[in-house]
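Dear colleague,

I am passing the structure below on to you, and the notes after it set out what was found. Please read them with the model open beside you.

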Amino acid sequence: TSGERTAKAERMFELMDGFLKNDPLSLQKDILDHVEYTVARSRFSFDDFEAYQALSHCIRDRLIERWHDTQLHFKRKDPKRVYFLSLEYLMGRSLSNSIINLGIRDQCADALSQLGFEFEVVAEQEGDAALGNGGLARLSACQMDSLATMDFPAWGYGLRYQYGLFRQVILDGFQHEQPDYWLNFGNPWEIERVHVTYPVKFYGTVEEEILNGEKYKIWIPGETIEAVAYDNPIPGYGTRNTITLRLWAAKPSNQHDMEAYNTGDYIDAVVNRQRAETISSILYPDDRSHQGKELRLKQQYFFVSASLQDIIRRFKDVHKDFNKFPDKVALQLNDIHPALAIPEVMRVFVDEEHLGWNKAFDLTCKIFSFTTHTVQAEALEKIPVDLLESLLPRHLQIIYDINSYFMEELKKRIGLDYNRLARMSIVEEGAVKSIRVANLSLFCSHTVNGVSKLHSELLQTRVFKDFYELWPEKFQYKTNGVTQRRWIVVSNPNLCALISKWLGTESWIRDIDLLIGLREYATDISLHQEWQMVRRVNKMRLAEYIEATSGLKVSLDAMFDVQIKRIHQYKRQLLNILGIIHRYDCIKNMAKDDRRKVVPRVCIIGGKAAPGYEMAKKMIKLCHAVAEKINNDSDVGDLLKLVFIPDYNVSVAELVIPGADLSQHISTAGHEASGTGSMKFLMNGCLLLATADGSTVEIIEEIGEDNMFLFGAKVHEVPTLREKGSTIKVPLQFARVVRMVRDGYFGFQDYFKSLCDTVEGNSDYYLLGADFGSYLEAQAAADKAFVDQEKWTRMSILSTAGSGRFSSDRTIQDYAEKTWGIEPCRCPL
Ligand code: CGF
């Protein structure tokens, strides 16, 4: 059959590629050529970093070839494409990931070793691309990997920040933020497209023009800035498909200040030009809210305007008729940050393409889908009308027009229920009149989804209840996922090899459902031994890292208990720290003989606090203060250690996750939209200690309560508990540990006072006191299970075996089918 013929041809091609191009010798030659001609060093003398640079360029060459083929194929086939609009991507390192997706890990390692270099050491030379804050940003990166692997015709769009997420430096236990100029040593993974540039307009006025007897609005901008494309190839695994992440950088436009030069105002003109570049220079480091910041709004519009010009240009290269637009274009709003794309599309359709308002609106509503990643009200951005009016005057008019149409539609549905109309309106009246970006996105998107089943239920019953009641068909849920290529194959090669050995195939790397096959061997003693060995080696790697970064030696026999994520009150790192204090207190008050029964623990915490988030910063300091006390107490020794891992980022996660025995996901129920860290730990066979929040609820469905340590109030109990406030009976141990902090047992008494205030009486909004008792019980259950290594290993194997549902491949398949309406478009070899 022709299918068989294609498969044969592909195999031949792969073999040829393997012999002629990706064999160690050819790779070596290319590496050395890059050492000499790209890095400009002698091929007889170069160091690890230069080897990294040369190897990266050598890999990049291979990516570019595949990428050209893919783009050509997409052009020929002209499939419907999805355009993923996201302000944040946490890509981490690219070298290992690309090599693994190209399937040439061993060949590269051989090539390097013959040159006297070690693959791991060379790969570690790469810095992280940290163009995002946390879960949302890493999710975007995972989804790009899945889109490429599953052959979907997709593009990612975002901003090329010069300063990524700040570097966290800890001095005396306090967090300090330092800028991360990640482009300092060049970035081999991007290609600057000097010819792909678009003007982006700001400020100015709106005027009317008459064309063929019709009145049109025209926007006369006050400032124009150039967007320049930087393309990052994203290779799929087990496919030639390589898609594009196109990031925009702001450059001063050549047109706008000639006049200033001519009038002799040279200095000001240069300063203005530099100001233009600030638009794409800094990532906002707060993952909570950015209300009313002009630069943030400029970033949002800058990236959607450039992206839409690019998308529409691509469409118009082939099509004349905009009726086809929804058949060829799906626009995904990754949270509300890119929502200005909605009025921007309307502006282009109405003012530039002259499609007429009704037609334009009809098309607009067919192309947008919207994912929200939060339940926190403060993250539902609002734009002050004054700000929007000055920065984007035409967009404000369009939003008003959309809103009056929306209000009319609403009245038809709900009559003159003014309270509800006011609640649902896109325009919020009040002291500061503002635009509710979420309402705009909800009304104008054909689908909206939360990022877990529970999150979507909360959206429907609480956050967006009014909308859900009227348009239930718009609402979907798409549980997040993470890519097994990054989170097992790259970061845990030993586990990867073990899984493949026991499943008898590597196919699970593309077909994650196969992981379930491990269940069959969950009690097999030989697998247990090999599994434990792999886990021990990973713990060793982590212990070495801990020693190198903090000087602390930890015992490999201890349970490695990890909580790594952004520091937030709702994520309750404080609950963890108070639990550690309790453990410490118990050890101190135990008879010496009894201490032998204590299960040793190494508690590891890591994460960044937003620079302006005082309570989060206090949690970091408290963690250090407690660690100082515990780690230097000879009564405790190896029974308990507390480590804060500084500057947590993607590559640190790649090291920590495989080495964790237990991981904590302990948000107050109803606050974590999904959580993706838990999925990475689960895949790596780490047991979870968790509340029934976000995606954990679905993890329970997959692996069962027996294979994890569940605790805490359920979502439906939380409101009642909050109402009860100070009348809740809080365990004595809780009061005791808080008192220890208050009384200055760990020093810094005054500094920690306000932190203690947040968890006592009516102020305990995140219910630490209410959940403390069951938290300790879950911890005790974990201790008990750890002693029984056979049980623990079985639970660990079952965790990995049950993690298939949490691959981003599944999430993307779901989006493709139910939201975007796109099909795979596989590039032939
Ligand atoms: O997005 C989050 C994370 N903080 O980035 N929100 N945002 N924005 C949620 O809090 C997580 O629960 C979620 O997993 C993640 C990705 O959807």
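In what follows, a residue is called buried if 20 or more other C-beta atoms lie within 10 Å of its own, exposed if 12 or fewer do, and partly exposed in between, with the C-beta atoms placed from the backbone. By that count Tyr775 is buried, as it has 26 C-beta neighbours inside 10 Å.

Two remarks on the basis of these notes come before the rest. This is a predicted model, in which local features need pLDDT of at least 70 and side-chain atom pairs count only at pLDDT 80 or more, while totals for chains, interfaces and linings use all residues. Residues are numbered from 1 along each chain as its sequence is written.

The chain as a whole

The protein chain has 33 helices and 24 strands, where helices (H or I, at least four residues) and strands (E, at least two) are DSSP runs numbered from the N terminus. Its radius of gyration, taken over C-alpha atoms, is 28 Å, close to the 28 Å that the globule rule gives for 829 residues, so the chain is as compact as a globular protein of that length; the rule itself is 2.2 Å times the number of residues to the power 0.38. Taken along the principal axes, the box that the C-alpha atoms fill is roughly 95 × 70 × 65 Å. Of the 829 residues, 50% count as buried. Two residues are in contact if their C-beta atoms, placed from the backbone, lie within 7 Å, and among the contacts with a separation of 6 or more, 77% are between residues 24 or more positions apart.

The surroundings of the ligand

There are 16 residues around the ligand, and Gly135, Leu136, His373, Ala673 and Ser674 come nearest; a residue counts as near if its C-beta atom, placed from the backbone, lies within 6 Å of the molecule. The shell divides into four nonpolar, nine polar and three charged residues, where Ala, Val, Leu, Ile, Met, Phe, Trp, Tyr, Cys and Pro count as nonpolar, Asp, Glu, Lys and Arg as charged, and the others, Gly among them, as polar.

Strand 20 (residues 601–606) is mostly covered, since six of its six residues are buried. Arg601, Cys603 and Ile605 point one way from strand 20, whereas Val602, Ile604 and Gly606 point the other way. Two strands are said to pair if DSSP finds at least two bridges between them, and strand 20 pairs in the parallel sense with strand 19 (residues 559–564) over six bridges, with Phe560 standing opposite Val602. Strand 20 also runs parallel to strand 21 (residues 640–645), to which six bridges join it, and there Gly606 has Ile645 as its bridge partner.

Helix 23 holds Asp585, which is partly exposed, with 15 other C-beta atoms within 10 Å, and the C-alpha atoms of Asp585 and Ile630, 45 residues apart along the chain, are separated by 9.8 Å.

Tyr775

Leaving aside its neighbours within four places in sequence, Tyr775 is in contact with Leu575, Gly579, Phe711 and Gly712. Tyr775 and Thr691 are 84 residues apart in sequence, yet 9.0 Å apart in space, C-alpha to C-alpha.

Residues with a positive phi

Most residues other than glycine have a negative phi. Asp151, in the loop between helix 7 (135–149) and strand 4 (154–159), has a positive phi near 65° and is buried, with 20 other C-beta atoms within 10 Å. His354, in the loop between helix 12 (341–352) and helix 13 (357–367), has a phi near 55° and is partly exposed, with 13 other C-beta atoms within 10 Å. A further positive phi, of about 55°, belongs to Asp172, which lies in the turn of the hairpin that strand 5 and strand 6 form with two residues between them.

With best regards
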